[in-house]
Amino acid sequence: MTAVIAVANNKGGVAKTTTCLSLGGSLAEQGRSVLLVDLDPQAHLTLSLGVKPETLRHTVAEVLLGQSSLVAVSRETAVDGLDLAPANRELVVLDKVLYGRQGYEHRLKRDLDEMRYQLYDIVLMDCPPAFGTLTLNALTAADLLIIPIQCEYYAVRSLQQMFDMVSLVRRKTNPRLSYRLLVTMLDVRNKIHRLLLRQIRDRFPEVLFQTIIQVDTRLRESPAFALPVTRYAPRTRAARQYRALAQELISYLSPVIEFTTPLAEGETLFIKEPVVSVSAPQPPYPRHGGVEMGVRQL
Ligand SMILES: Nc1ncnc2c1ncn2[C@@H]1O[C@H](COP(=O)(O)OP(=O)(O)OP(=O)(O)O)[C@@H](O)[C@H]1O
Ligand SMILES: [Mg+2]
């Protein structure tokens, strides 16, 4: 059985691509077979694995157009167990072209459904920092959405837009979409980071990954060497934190269903925690002594 995971946040620069690369590398290191899917026209994930986007003849664009499959466009990387379905600038045009096509939201899901029980334990999709057809395709196909966030005022405020997006997707295309927040680039010396981390922990205890990713220069360096941090700098704090995230993620996936075991008919993959209800009572805010986050959890 394949777990399909989207990494998305419409806020730019919050470590979506870094998380795909290094979480993917950690999962592969722990024996999972992983497919990384680059859905961002910037093609940073593709670049970060040493593939030149401008030289590509086959990309995820073909999958979204229904002309090919993820398996057909994917390629091996220098990391054992880690494959890549690459992207290039073509995705910019595709984002506009897809709008006009009926049922475009389900293109990736259809392809993943066909390959679900083969080849990969985990599919990780890197989304662009925008709510377009590409992100909608990823969220429609996903079992789980990982939302990386920084402990910065603007980043936390923009979370509301992500929650609105999750609500919309649950209503329109994917009622079983679950989500988790991942704190990234935490600088423990920074007062506002510490304050916002406390508030995020208070406000979203059930959906927050316990693993926190701290600021670490090695994560800036590793894409230039076309490797996840677990291979580039295996003994660093960043590598340890992404390994811990991989373990935590695996523990969320249903313990009764082994990876690579096909689902029985009518059975659904899933995450141990219940999907947080859209109608759950809202926690009161702002909190005393904190920063007004202006965010309502689903
Ligand atoms: N934990 C970290 N410590 C230090 N730098 C980091 C960390 N995580 C990510 N970065 C750096 O922050 C920058 C933004 O990260 P990244 O490209 O992964 O974000 P993104 O959300 O994918 O951005 P975009 O929205 O443009 O796709 C990059 O230069 C990356 O190397
Ligand atoms: Mg990115």
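So, helix 7: the buried residues there are T133, L134, T135, L136, N137, A138, L139, T140 and A141. Buried here means 20 or more other C-beta atoms within 10 Å of the residue's own, with C-beta atoms placed from the backbone; 12 or fewer would be exposed, and in between is partly exposed. Helices are DSSP runs of H or I, at least four residues, numbered from the N terminus. For helix 7, residues 133-141, that's nine of the nine residues buried, so it is largely enclosed by the rest of the structure.

Quick caveat: this is a predicted model, where local features need pLDDT of at least 70 and side-chain atom pairs count only at pLDDT 80 or more, while totals for chains, interfaces and linings use all residues. Residues are numbered from 1 along each chain as its sequence is written, and chains are lettered from A and ligands numbered from 1 in the order in which they are written.

Okay, ligand 1. There are 18 residues around it, and G12, K16, T17, T18 and P129 come nearest; the cut-off is a C-beta atom, placed from the backbone, within 6 Å. Two elements give two or more residues to that shell, helix 1 (16-29) and helix 11 (217-221). Helix 1 has the largest share, three residues.

Now, which residues does L219 touch? Leaving out residues up to four places away in sequence, L219 touches T18, S22, V229 and A238, where contact means C-beta atoms, placed from the backbone, within 7 Å. L219 is found in helix 11, and it's buried, because 26 other C-beta atoms lie within 10 Å. L219 and T19 sit 200 residues apart in sequence, but 9.5 Å apart in space, C-alpha to C-alpha.

Technical notes. Contact = placed C-beta atoms within 7 Å.
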